[in-house]
Amino acid sequence: MKANSQETTASVWVEAIRKDRKATAGAIIIGIFLLIAIAGPFFVGDPHEPVGIPLQPPSRSHLLGTTGQGQDVLAQVVVGTRMSLAIGFCVGIIVVMVGALIGITAGFFGGWVDSVLSLLINVFLVIPGLPLAIVIAAYLPSGPLTLGLVLVITGWAWNARVLRAQTLSVRRRDFVAAAVVTGESTLRIVSREILPTMTSLIVAQIIGSTVYAIGAQVGLEFLGLGDVATVTWGTNLYWAQNDSALLMGAWWTFVPTGLCIALVGFGLTMLNSGFDEITNPHLRLERVWRAFLGGLGRLPEPSTPVVRIAE
Amino acid sequence: MNEPVLKIENLSVDYVSGETLVRAVDRVSLDVKPGEIVGLAGESGCGKTTLAKAILRILPPPAIITGGKIEYGGKDILEINEGELRNLRWQKISIVFQSAMNALNPVIRVGEQITDVILAHKSVSPDEAYDRARQLLEMVGIHPIHINSYSHQLSGGMRQRVCIALALALEPEIVIMDEPTTALDVIVEREILNQIKDLQARLGFSVIYITHDLAHLLQFSHRLAILYAAHIAEIAPTQELRENPLHPYTQKLMRAMPSLAQSEVKPETIPGTPPSLANPPPGCRFHPRCDRAIEICRREKPPLVEKATNHLVACHLVS
Amino acid sequence: MRYILRRLGFYLVAAWAAVTLNFFLPRLMPGDPATALFARFRGQLSPEAMEALRETFGLTEAPLVKQYLTYLGHILRGDMGISVAYFPSEVSGVIATGLLWTILIAGTAVVVSFAIGTTLGIIAASRRGSWLDNVMPSVLIFVGSFPYFWLAMVVLFIMGFTLRWFPLGHAYSDNLTPSLSLEFISSVLTHAFLPVATVVVATLGGWLLSMRNNMVSVLGSDYVNLAKAKGLKPARVIMRYAARNALLPSVTGFGMALGYILGGSLLTEIVFSYPGQGYLLVQAVRNQDYPLMQGIFLMITLAVLGANLIIDVVYLWLDPRTREIGR
Ligand SMILES: Nc1ncnc2c1ncn2[C@@H]1O[C@H](COP(=O)(O)OP(=O)(O)OP(=O)(O)O)[C@@H](O)[C@H]1O
Ligand SMILES: [Mg+2]
C-alpha cells in the first residue's frame, strides 16, 4: 500500500518531466553527467600522473590536451565530475534539510520563535555569502568536509525563507488548524499534514541548491580554498589560472571544465523550470493556453482570442 | 425603437485546462435594450464573471472565446481588431469589477486611474480631466480630496464607489456591474444600490447587473436572466419572473431567498451543489438537484423556448 | 519614516552579527585559538608582527567578554588591525585602496544588468511568443550557468589575448597616474569594460526570467485587465499598469542578489588582475592573512548592507503601501 503510493508519486514526477520539453532536456543532460561521474573514472587514466609534455593542445593521444603539469585534461575533467557532483548533490540536500528545519519551525510555531528565527534567516540572507565562506574556510583544514560545511552555512537561509512562507500559508488551512485543535503532536502534524503539501517545492529547492552548491564550490576552489590536491572542477580551474594557462594560450585547460559546469547548471535549471509554476500558477495557465493556441496555429493575442470551435 | 444596443448570441467561453477545455459559458444568448437594467443571477462559479469579461474581451489566459457573436453598433465584437476594440472599450461599454480591492492598481493614485481613461479617449487637457475626475468622485459621494489617495487608503465601500465613478467617466452606453456590492456590509450595500439606481435613472445608461443575490435584482432590474452551470436557465421580465417562475431552479432560488416580509418562514436551501463545469452531468444540468426530474431530463439537454412573451425557459417539464 | 528606521535597525543587527562572527571565528578553531593561530606564523613573522596580530584579535589573557568588548571598540574606531601580507600596513588602509575599484565594477555591472535584464523581461512578457520570449531566456540562462570567473577567462582569452581589443588586466594603464584627465578616464573605462561586461552577461538571464515571470502573473491580475478594459494604449497598460507592479518583487530580489553577484564579481576581478577587493582576497588567502580577510569580509558586508538600505528607500518610493506601515 505504502510502496504503491510512493510509486505513483514517482510516476507523477516522471510524467511531469516528460511533458515539459525543457525539463526533458535537463533530465537527459543530468543523466549523462551522472553516468560520467559514476562510470567515467574507470575509463580514463590517473588524473594526477604527468603523461606528456605540459600544455600540449588536444591531440589524438590526449583528446583534450595536457595541463601545465603535463596531466591529461580529459582524465581531470572526468574524475573531477565525480567529486564535484557528489559534493554538489550532498550539499544541496543538506542545505534544504537545514533550511526546512529552521523555516518550518519558524512558520509553524510563529510568535517569538518565528521572530528570532526570521531575524536569523534575514541576517544570513543579507550577509554576502562568498566572503563569509572564505573567512570560515580559511580557518578550517581544507578538504571536502570544510567545503561542504561552509556551503551549508552560507546557503541555507534562502530555503528557510521560502519554506517558512509556505508553512505559514499551509498552517492557515483548515485541515492543519483542525489537526492542531484535536491535539495531534507537532511532529505528526508537520510530517503528515504540512510536509506532503511541500514535496514539489522541496524537490525544486534541492535542485536549485545543488546548482548553488556546485557554483559556490567551484568559486571557493578556484580561490585555492579547496584541497588543491584532489581533482575537482574547481581545482582544475585553480591550476589553470595558477599555471598562467591563459597567458600561454592554453584554452583547453579551462574550457572543457567550464563547459561541464555550465551544462550541469543549465541542465538542473531546465529540470527545475517546470517548478516555477508551483510558486507562480499564472505561468502554468499561460503555458497551457499558449500550447492550445499553438496547436491551432494561432499566436497569443492581447485580447481574449476567439477560436470558433464550439459551433 | 426598442432595438437592443447589445446582442449576445450563442456565446461560448472555455478555459484551457491541461489537455481539456472547461466551458464556463455555454451558448448563452442575451440582449440589452437602451436604458434597461438586465439582471444576471446564478450561484458562485456558474460563469457570470466569465461572461461579463468576455463581452469586453479582457479575459486573461487561459480563457478563449469558442463561439458566438456579440453585436454592438452593427459590428461583432468578436471580429473587430485591437484598434476598434480600444475605441469601444469604456467609451461604449464599461465594467465594474467584482472586487474593487483588486481592480484598482495599488501603486497608482486614484486620480490618475480616472484621468488616464479620460485623456485616452477625449481631447481634453489634463486639468480638465482632473476637474472631471473630481466631479465624478463627488457624484458617487466621495470627497474630491481622495483624488490623491491610493486605493489602500480608502475603505471597501469607497473603493467600490471609485470603481463606479470610473465606469461612468466617459458616459458609456452600457455599464457591466459584476457583483459591485459583495464584500460590503448591508448598509453600505443599500446606499450604493440606491446610488446606482439614481445615476442610471439620471444618465440613462443600460446596465448588466450581476449578482448571486436574487433579492436585489427583483427590486430594481427590468429583466432577469438566471444562469445555471454555464447555461441560461430562464430569462423573463422581472415582474413576470417574480410572479411566474417556470424553471424549477428559479423557483427554488426564490424560495431560498430570505424574505423580509415573512421573517418567521425559514428560507429553504437548495440541496446538493452546483455541478463541476469540467465534468457536467448529461441532459439538463440541473437534474441531479431537481426533485421533479423525469427520464428525459437525464438524457437530453432542454432547449431554451419562449413560453410567454419575452419569457424564455430551458426545462423539459415546461415544454 | 518608521519603515526606514526599522530597516536601519535590522541592518545594524546584521552588521553586529557580522562583527561578532568575525570575533568568534578564530576562537572556534580546533584547539587553543592563540597557539593554533600563531603556530602557523612562527618563523614567518617578526615578533612585532606577531604582537600586532595578537592585538588585532584581542587574543589576550583577559576574559572573553573583555576581549569581545575590546574588539568591538577597535572595530567602531575603524581599526581592523595590521595586515600580515602587507605588513606593517593597517588593514583599513589596504582595503580602502581597493574598495573604490570593486564598487565601480560591481556597482556598474549590477545596475546595468538589472536595467537591461528587466527591460528585456518586460518585452518578453508583452511580446508573447516572440523569439525574445521563446529563445532568449534559455540562451541567457545557459550563459549564466558558467561561473563568472570562467566567462571572464574566456572573454579575456578571446578579446584581450587573441584579438587584443582590450587590455589584459589592471584598472588603468601602468604608465598613467590617477588624475581627472580624459586620458586617464578613458583608460579606466577600457579596463573596466570587460570585467563589467562579463558580470552583466552572466547575470542578465536571471533578471530577464524573474521579470518575465512577474509580468506574466501581473498581466493576469484584475487591475491590468481593467486597464485593458479602459481602452488604454497597450504601451501604457504594459508599462504603467503591469511593469510598475511587476518591478516590486524584482527590486526586493535585487537586494538579495547583491551579495551573491558581488561574490562572483570578486572572482572576476582576480582573472582580470583588477586591483579591487577580490584581488586582495586572493592575496589574503595565499598568505593566510586573517586580519585582511576578515577586514574585507566586514567591508563588503557593510557595503552590501548600505546598498540594501538604498534599495529600501527606492522601494519605499516605488510602493506607496510601505509608506503606511506603522503609521
Ligand atoms: N483558469 C481557469 N481554469 C479553469 N477553470 C476556470 C478558470 N477560471 C475560472 N474557471 C471556472 O470557470 C467557472 C466560472 O467562473 P466565474 O468566475 O465566471 O464564476 P462566477 O459565476 O463569477 O462566480 P462568483 O459568483 O464566485 O464570482 C468556474 O466554475 C471556475 O471554476
Ligand atoms: Mg464572479
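What percentage of the 311 residues in chain A is made up of buried residues? Buried residues account for 49% of them, in a model that is predicted.

View 1. Chain A contains 13 helices and zero strands. Its C-alpha atoms occupy a box of roughly 70 × 60 × 45 Å along the principal axes. Of the contacts in chain A with a separation of 6 or more, 67% join residues 24 or more positions apart.

**View 2. The contact between chain B and chain C.** Chain B gives 28 residues to this contact and chain C gives 26 residues. About 2,300 Å² is buried between the two chains, with 58% from carbon and sulfur atoms. Five salt bridges are counted between chain B and chain C, together with eleven residue pairs in polar contact, both residues being at pLDDT 80 or more. On the side of chain B that touches chain C, the elements giving two or more residues are helix H1 (48-56), helix H3 (100-103) and helix H4 (110-121) of chain B. H4(B) provides the largest share, six residues. By class, this side of chain B has 16 nonpolar, seven polar and five charged residues.

**View 3. Salt bridge between Asp222(C) and Lys53(B).** The side chains of Asp222(C) and Lys53(B) meet with an N to O distance of 3.0 Å.

**View 4. Salt bridge between Glu79(B) and Arg308(A).** The closest N and O atoms of Glu79(B) and Arg308(A) lie 2.8 Å apart. This pair crosses between chains: Glu79(B) sits in the loop between strand E5 (75-76) and helix H2 (82-88) of chain B, and Arg308(A) in the segment after helix H13 (281-295) of chain A. Glu79(B) counts as exposed because its relative accessibility is 52%, whereas Arg308(A) is partly exposed at 34%.

**View 5. Salt bridges within chain B, including Lys75(B) with Glu84(B).** The side chains of Lys75(B) and Glu84(B) meet at 2.8 Å, N to O. Lys75(B) is partly exposed, with a relative accessible area of 45%, and Glu84(B) is partly exposed at 31%. Glu9(B) and Lys7(B) form a salt bridge through their side chains at 3.9 Å, N to O. Glu9(B) is partly exposed at 28%, as is Lys7(B) at 33%.

**View 6. A network of salt bridges in chain B.** The linked residues are Asp14(B), Arg23(B), Asp26(B), Arg27(B), Arg285(B) and Lys301(B). Over all chains, the whole structure holds 31 salt bridges.

Key: Residues numbered from 1 in each chain as written. Chains lettered and ligands numbered in written order. Heavy atoms only, no water. Contact = heavy atoms within 4.5 Å. Buried area = accessible area lost by both parts, 1.4 Å probe. Salt bridge = Lys/Arg side-chain N within 4 Å of Asp/Glu carboxyl O. Polar contact = N/O pair within 3.5 Å; in protein donor to acceptor, adjacent residues only side chain to side chain. Helix = DSSP H or I, 4+ residues; strand = E, 2+ residues; numbered from the N terminus. Nonpolar A, V, L, I, M, F, W, Y, C, P; charged D, E, K, R; others polar. Buried < 20%, exposed > 50% of the residue type's maximum accessible area, 1.4 Å probe, protein only.
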